[in-house]
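Subject: Structure handover

Hello,

Here is the structure I said I would pass on. My notes on it follow below.

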Amino acid sequence: MSQQSRTMPAGSASALSEAYDTALLDLDGVVYAGGEAIAHAVESLATARDGGMHLAYVTNNALRTPDAVAGHLTELGIPTEESDVITSAQAVARLISEQVPEGARVLVIGGEGLRVALRERGLVPVDSADDDPAAVAQGFGGPDLPWSRFAEASYAIRRGVPWFASNTDLTIPSARGIAPGNGAAVEVVRIATGAEPQVAGKPLPPMHRETVLRTGAKRPLVVGDRLDTDIEGAFNGGVDSLLVLTGVTDGAQLLAAKPEHRPTFVDADLRGMLAGQPEVTERDGGFGCGGWTASVRDEAFVLDGDGEAMDGLRALCAAAWTAAGDGVCALDAGKVLDRLGL
């Protein structure tokens with residue numbers, strides 16, 4: 001089934017960790033939340049790695065350096081090398097380096113991860129619009145980024161300096177809930193300047209290119225929690241994806257996914273990497289998975305049967321996506337999802 005025509009989650013007879021050579025794992029909402037490992041993540045990743053799967057961590061968060069991220073993952077019990085971490089800071093630094101001279105100054109609105117990535121490309125981070133920057137680079141700077149940094153970006157951009165953003169995720173998961181992400185900060189500068197940045201992070205091609213260049217993956221599986229970054233990024237790159245429900249996306253958003261946001265596989269958490277995926281089949285005028293049958297009748301979802309909640313969700317995805325075609329399914333899924341406990 002082509003990605004463009006996906007109307008149901010795919011099945012896999014073998015474990016995903018065996019069917020794909022490399023897992024391109026998002027971090028926030030997939031491996032950890034608020035710095036703490038998500039349930040089942042550490043042991044699932046260890047099993048996949050011991051079975052021969054290469055694990056790479058691909059994050060839109062440009063705040064920390066790859067070395068710091070690798071150290072954090074290692075502390076959580078996930079042994080990781082710096083080279084196994086790919087960030088949107090690296091992707092945007094490469095994008096900038098292709099458009100400005102080597103040694104050019106770049107005004108940084110963000111954290112250390114962005115500064116290190118720019119230096120890696122032979123660029124010089126600066127802090128003021130008066131430092132004659134050749135570009136403005138904006139990345140997530142954490143909750144304590146001073147308002148004055150947005151002002152510096154605005155001054156430079158209004159003078160005609162090209163503007164680059166690591167990513168435009170509006171939100172980011174934290175230990176206390178969902179917090180504003182770099183996309184919210186980008187909106188502040190956009191409002192002040194009326195300009196539009198060049199964006200490098202997921203779901204756009206510069207991030208996928210950076211990931212392939214750094215990992216050498218031949219048959220990658222993107223693993224993420226966000227439809228508009230992880231899953232759309234996989235779609236744009238023409239590779240398969242696994243959505244896990246440990247982060248931003250919930251069942252209702254998944255059922256309402258437009259074609260480019262529909263994952264290849266769906267599972268509750270990273271244990272889904274270690275198992276085959278059940279087939280969804282046409283059944284009794286609807287779609288069946290495990291003990292469940294789902295359909296759309298009289299502009300409403302109908303869910304019959306019993307069994308594993310994820311099987312019911314997979315069947316509902318098939319019913320919703322088929323009914324929506326190339327559009328978006330706007331039916332209320334509250335009752336059927338409540339029945340599944342989702």
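Strands here are DSSP runs of at least two residues, numbered from the N terminus, and two of them count as paired if DSSP finds at least two bridges between them. Please keep in mind that this is a predicted model.

Hairpins

On that basis, E16 and E17 form a hairpin with 2 residues between the strands. E16 covers residues 281-283 and E17 covers residues 286-289; the pairing is antiparallel, over 3 bridges. Arg283 stands opposite Gly286 in E17, and in the turn Asp284 has a positive phi of about 50 degrees.

E18 spans residues 292-297 and is joined to E17 by 3 bridges, running antiparallel to it.

The open sheet

A further set of 6 strands makes an open sheet with parallel pairing, in the order E5-E4-E1-E13-E14-E15. E5 and E15 each have a single partner strand, so one side of each is left without a neighbour in the sheet. From one strand to the next the twist averages 25 degrees. Within the sheet, E1 pairs with E13 (residues 220-224) in the parallel sense over 4 bridges, with Ala23 opposite Leu221. Helix H4 lies across E4 and E5, and runs at about 55 degrees to E5.

Helix H8

H8 covers residues 205-215, and its buried residues include Pro206, Met207, Glu210, Thr211 and Thr215. Why do they sit on the same side of H8? They do so because the arc they cover around the axis is only 145 degrees. An α-helix has 3.6 residues a turn, so residues three or four places apart point the same way. The exposed residues Pro205 and Leu213 are on the face of H8 turned away from the buried side.

What covers the buried residues of H8 includes strands E1 (22-25), E4 (54-59), E5 (85-87) and E12 (198-199), together with helix H4 (88-97). E1, E4 and E5 are also members of the open sheet. Just after H8, Gly216 takes a positive phi of about 65 degrees.

The nonpolar core

The largest nonpolar core has 30 residues. Leu254, Leu255, Phe301, Leu303, Leu313 and Leu316 have the most contacts inside this core. At least two of its residues come from each of H9 (227-237), H10 (251-255), E17, E18, E19 (300-305), H11 (309-324) and H12 (334-340). H11 gives the largest share, 10 residues.

Leu313 shows how the parts meet. Apart from its neighbours within four places in sequence, Leu313 is in contact with Leu245, Gly251, Leu254, Leu255, Val266, Leu337, Leu340 and Leu342.

Ala256

Ala256 is in the loop between H10 and E15 (265-267). Is Ala256 buried, exposed or partly exposed? With a relative accessible area of 27%, Ala256 is partly exposed, because buried would mean under 20% and exposed over 50%. Leaving aside neighbours within four places in sequence, Ala256 is in contact with Val328 and Cys329. Ala256 and Asp332 are 76 residues apart in sequence, yet 9.5 Å apart in space, C-alpha to C-alpha.

Regards

Note on methods: Residues are numbered from 1 along each chain as its sequence is written. This is a predicted model: local features need pLDDT of at least 70, side-chain atom pairs count only at pLDDT 80 or more; totals for chains, interfaces and linings use all residues. Side-chain values use heavy atoms; hydrogens and water are left out. Buried means under 20% relative accessible area, exposed over 50%, partly exposed in between (1.4 Å probe, protein chains only). The arc is that of the directions from the helix axis to the C-beta atoms. Contact means heavy atoms within 4.5 Å. A nonpolar core is a set of buried Ala, Val, Leu, Ile, Met, Phe, Trp, Tyr and Cys residues joined through side-chain atoms within 4.5 Å. Axes are lines fitted to C-alpha atoms, for helices over the stretch in contact, and angles run from 0 to 180 degrees between N-to-C directions.
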